[in-house]
Amino acid sequence: MDSYVELFRAGNALEANALKGLLEQQGVPVRLLGEALGGAAGELPVDSQQIRLLVQQCQLSSAQQVLTQYQQNLAPWQCVCGEQNDGHFEVCWRCGSEPQA
Ligand SMILES: [Zn+2]
């Protein structure tokens, strides 16, 4: 049996579900902990601010890659031309260059 390990703590349900959707697209099953308060009383910490994403241990490395990509996609990046681009732009909106890794 595969045990679930913590991958990430999301700050809110929106983020948790966005990431869960991405992971499941990649074939990584996800469990959310902390979302359904009242379901498993006693198990959950009181802070409902954070939602823990759990993945199977054997999927952890691929899940981490998805997570890294997700975080990079959110981060703004600066183009060689000096333009600051939002994370969801794959190329610079101004000059069309791709971000330099
Ligand atoms: Zn540019």
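Mentor: Start with a definition: helices (H or I, at least four residues) and strands (E, at least two) are DSSP runs, numbered from the N terminus. Read along the sequence, the pattern here is β-α-β-β-α-β-β. That gives two helices and five strands.

Two ground rules come next. This is a predicted model, so local features need pLDDT of at least 70 and side-chain atom pairs count only at pLDDT 80 or more, while totals for chains, interfaces and linings use all residues. Residues are numbered from 1 along each chain as its sequence is written, and side-chain values use heavy atoms, with hydrogens and water left out.

Now the pocket. Rolling a probe the size of a water molecule over the atoms shows where empty space is left. The search uses a 1 Å grid over the protein atoms alone. A pocket is an open set of points where a 1.4 Å probe fits, with protein on both sides within 12 Å along at least five of seven lines. A cavity is a set where the probe fits but cannot get out. Lining residues have an atom within 4 Å of a point.

The largest pocket has a volume of about 330 Å³. That volume is the space filled by probe spheres set on the points, which are joined across faces, edges and corners. Its lining is made by Q69, Q72, N73, A75, W77, G87, H88, F89, E90 and P99. Helix α2 (residues 60-74) gives the largest share, three residues. By type, the lining has four nonpolar, five polar and one charged. Here Ala, Val, Leu, Ile, Met, Phe, Trp, Tyr, Cys and Pro count as nonpolar; Asp, Glu, Lys and Arg count as charged; the others, Gly among them, count as polar.

N85 is buried because its relative accessible area is 0%; buried means under 20%, exposed over 50%, partly exposed in between (1.4 Å probe, protein chains only). Leaving out residues up to four places away in sequence, N85 touches P76, W77, C79, V91, C92 and W93 (contact means heavy atoms within 4.5 Å). W77 is also one of the pocket residues. The side chain of N85 reaches the backbone oxygen of E83 at 3.5 Å.

Go back to helix α2. Q64 sits there. Q64 counts as partly exposed because its relative accessibility is 40%. Q64 and F8 are 56 residues apart in sequence, yet 8.9 Å apart in space, C-alpha to C-alpha. E24 lies in helix α1 (residues 13-25) and is partly exposed at 38%.

Next, the strands. Y4 belongs to strand β1 (residues 4-10). At 24%, Y4 is partly exposed. Beyond four places in sequence, Y4 touches P29, R31, L54, V55 and Q56. Q56 lies in strand β3 (residues 51-56) and is buried at 18%. Among the residues that Q56 touches are Y4 and P29. L32 is in strand β2 (residues 30-33). L32 is buried too, at 19%. It touches A16, N17, K20, I51, R52 and L53, again not counting residues up to four places away.

Last, the whole protein. Of its 101 residues, 28% count as buried. Among contacts with a separation of 6 or more, 48% join residues 24 or more positions apart. The protein exposes about 6800 Å², and carbon and sulfur atoms supply 47% of it. Those areas come from the Shrake-Rupley method with a 1.4 Å probe.

Note on methods: A polar contact is a pair of N or O atoms within 3.5 Å; within protein, one must be able to donate a hydrogen and the other to accept it, and residues adjacent in sequence count only if both atoms are side-chain atoms.
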